[in-house]
There are 2 protein chains.
Amino acid sequence: MNVAIVLYDGFTALDAIGPYEVLSRLPGARVTFLAREAGPVRTDNQMLTILAEHSLAELPRPEIVLVPGGPGDVVERAGDEVLEWLRQADQTSTWTTSVCTGSLILAAAGLLAGRRATSHWLALEELRRLGVEAVSERVVFDGKLVTAAGVSAGIDMALTFAARIAGDTVAQAIQLGIEYDPQPPFDAGSPRSAPAEIVELVRGLSPRVQEQGTDALSVP
Amino acid sequence: MNVAIVLYDGFTALDAIGPYEVLSRLPGARVTFLAREAGPVRTDNQMLTILAEHSLAELPRPEIVLVPGGPGDVVERAGDEVLEWLRQADQTSTWTTSVCTGSLILAAAGLLAGRRATSHWLALEELRRLGVEAVSERVVFDGKLVTAAGVSAGIDMALTFAARIAGDTVAQAIQLGIEYDPQPPFDAGSPRSAPAEIVELVRGLSPRVQEQGTDALSVP
């Protein structure tokens with residue numbers, strides 16, 4: 001089973017690596033990092049470089065497609081070749097998925113029109129403006145289109161569809177293998193649970209709500 | 001503030017990328033991926049290559065040191081140069097930390113002798129044999145030595161010491177920025193919570209418990 005993770009300049013690393021860590025453990029899975037051209041790709045904060053081992057053209061028909069998000073104008077940075085590849089790959093994929101603002105890229109490719117989907121909480125309005133029924137949920141299934149909320153939500157998404165692909169026993173074994181027994185030190189991971197002043201702080205730091213944005217907050 | 005993440009052949013990606021995603025958002029933080037020599041480093045399953053942008057020698061005195069774990073004999077794969085660099089770096093670091101079996105490397109470097117520390121649940125016995133007071137907790141502080149449990153625990157560890165470094169407000173803002181509001185589909189992330197048959201399945205798949213091991217389970 002081929003899992004293709006599509007990289008582009010300025011993606012957010014954990015969006016891609018969380019699901020990779022889960023899906024690479026599925027029996028028979030082969031995860032491949034792709035980009036317009038094979039070669040190094042820098043993350044949003046320029047502090048990490050991951051190698052895309054193949055170009056998009058080299059893997060046209062993966063079973064699972066995953067698009068990570070990033071800050072700012074991800075659709076522009078992903079570019080037309082990624083959008084076109086996504087449209088083609090979706091025709092034969094078993095699952096077409098995104099994490100965080102990766103759903104804006106799927107929407108721009110025309111793959112989420114009229115569908116239920118989610119994104120980073122700061123990007124839900126933008127997703128709605130793209131004609132998507134944007135909902136504030138952690139993981140959203142609409143047929144074979146699966147979208148996850150911000151950054152860390154990709155781990156939950158991958159475990160959820162790992163169970164659909166290989167059964168609950170395998171998914172639970174993977175969860176235990178990566179010791180995913182989260183114990184965040186605060187209850188601040190969602191705008192519903194975080195203290196109001198933290199929500200306002202983060203919203204104020206995000207240019208996204210003033211049109212073009214970032215979810216790679218470096219809180220000053 | 002320099003954060004050095006030390007890579008070596010066959011490390012587990014999420015061990016490194018979870019904390020990177022948190023710590024890179026700290027005000028003034030600069031995360032650098034280091035290895036014996038600068039260049040590409042492959043992860044445990046050979047499906048991902050990350051660039052170490054600098055050699056160990058190029059960053060001798062980071063404020064934060066982080067060592068990820070991996071399957072099998074991580075101490076052997078890390079090698080003497082990493083152990084020696086860790087001993088030197090620890091003399092001036094503010095925090096010396098590990099995720100998963102990275103604690104076996106810190107122990108082999110002599111930095112955990114007699115200290116309380118943790119590791120992947122499958123590696124706690126091995127950690128104990130290295131003279132460490134190995135405990136089954138998610139994140140363990142012993143002075144400036146901080147260790148996290150398996151793979152995904154690095155996110156909790158990084159948020160916890162982000163709060164100590166920059167205060168609760170910043171740590172909560174980072175948590176909200178990465179929307180870390182975990183909703184695992186199963187309660188199977190720890191040997192205490194997982195169904196007994198899942199624990200036995202995963203233990204049986206791990207050569208670690210029969211001496212040299214793997215926590216990169218690909219459950220067949």
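With 19 C-beta neighbours inside 10 Å, B:V199 comes out as partly exposed. On the scale used here, a residue is buried if 20 or more other C-beta atoms lie within 10 Å of its own, exposed if 12 or fewer, and partly exposed in between, with C-beta atoms placed from the backbone. The structure is a predicted model, where local features need pLDDT of at least 70, side-chain atom pairs count only at pLDDT 80 or more, and totals for chains, interfaces and linings use all residues. Residues are numbered from 1 along each chain as its sequence is written, while chains are lettered from A and ligands numbered from 1 in the order in which they are written.

B:V199 sits in helix α7 of chain B; helices (H or I, at least four residues) and strands (E, at least two) are DSSP runs numbered from the N terminus. Setting aside neighbours within four places in sequence, B:V199 is in contact with A:L176, B:P191 and B:A194, a contact being two C-beta atoms, placed from the backbone, within 7 Å. From B:E81, which is 118 residues away along the chain, B:V199 is separated by 36 Å between C-alpha atoms.

The rest of α7(B), residues 196-205, has B:I198, B:L201 and B:V202 buried. Viewed down the helix axis, the buried residues of α7(B) fall within an arc of 90 degrees, so they line one face; the arc is taken over the directions from the helix axis to the C-beta atoms. Turned away from that buried side are the exposed residues B:A196, B:E197, B:E200 and B:G204. Part of the cover over the buried residues of α7(B) comes from the other chain, as it includes α6 of chain A.

That leads to the interface itself. Chain A puts 66 residues into the contact and chain B puts in 67. On the chain A side, at least two residues each come from α1 (13-23), β2 (30-35), β4 (49-52), α5 (153-166), α6 (168-177) and α7 (196-205). The largest share, nine residues, belongs to α6(A). By type, the chain A side splits into 40 nonpolar, 17 polar and nine charged residues, with Ala, Val, Leu, Ile, Met, Phe, Trp, Tyr, Cys and Pro counted as nonpolar, Asp, Glu, Lys and Arg as charged, and the others, Gly among them, as polar.

β4(A) runs antiparallel to β3 (residues 39-42) of chain A, joined by four bridges, and A:R42 stands opposite A:T49. Six residues lie between the two strands of this hairpin, in which A:Q46 takes a positive phi near 65 degrees.

Chain B also has an open sheet of seven strands with mixed pairing, in the order β5-β2-β1-β6-β7-β11-β10; strands count as paired if DSSP finds at least two bridges between them. β5 (54-55) and β10 (139-142) stand at the edges with a single partner strand each, so one side of each has no neighbour in the sheet. Inside the sheet, β7 (residues 95-99) and β11 (residues 145-148) of chain B run parallel with four bridges, and B:V99 stands opposite B:A148.

Two helices lie over strands of chain B. Helix α1 (residues 13-23) lies across β1 (2-6), β2 (30-35), β6 (64-67) and β7 of chain B, at about 170 degrees to β1(B). Helix α2 (residues 74-92) lies across β1, β6 and β7 of chain B, at about 150 degrees to β6(B). Axes here are lines fitted to C-alpha atoms, for helices over the stretch in contact, and angles run from 0 to 180 degrees between N-to-C directions. α1(B) is mostly covered, with 11 of its 11 residues buried, including B:D15 and B:E21.
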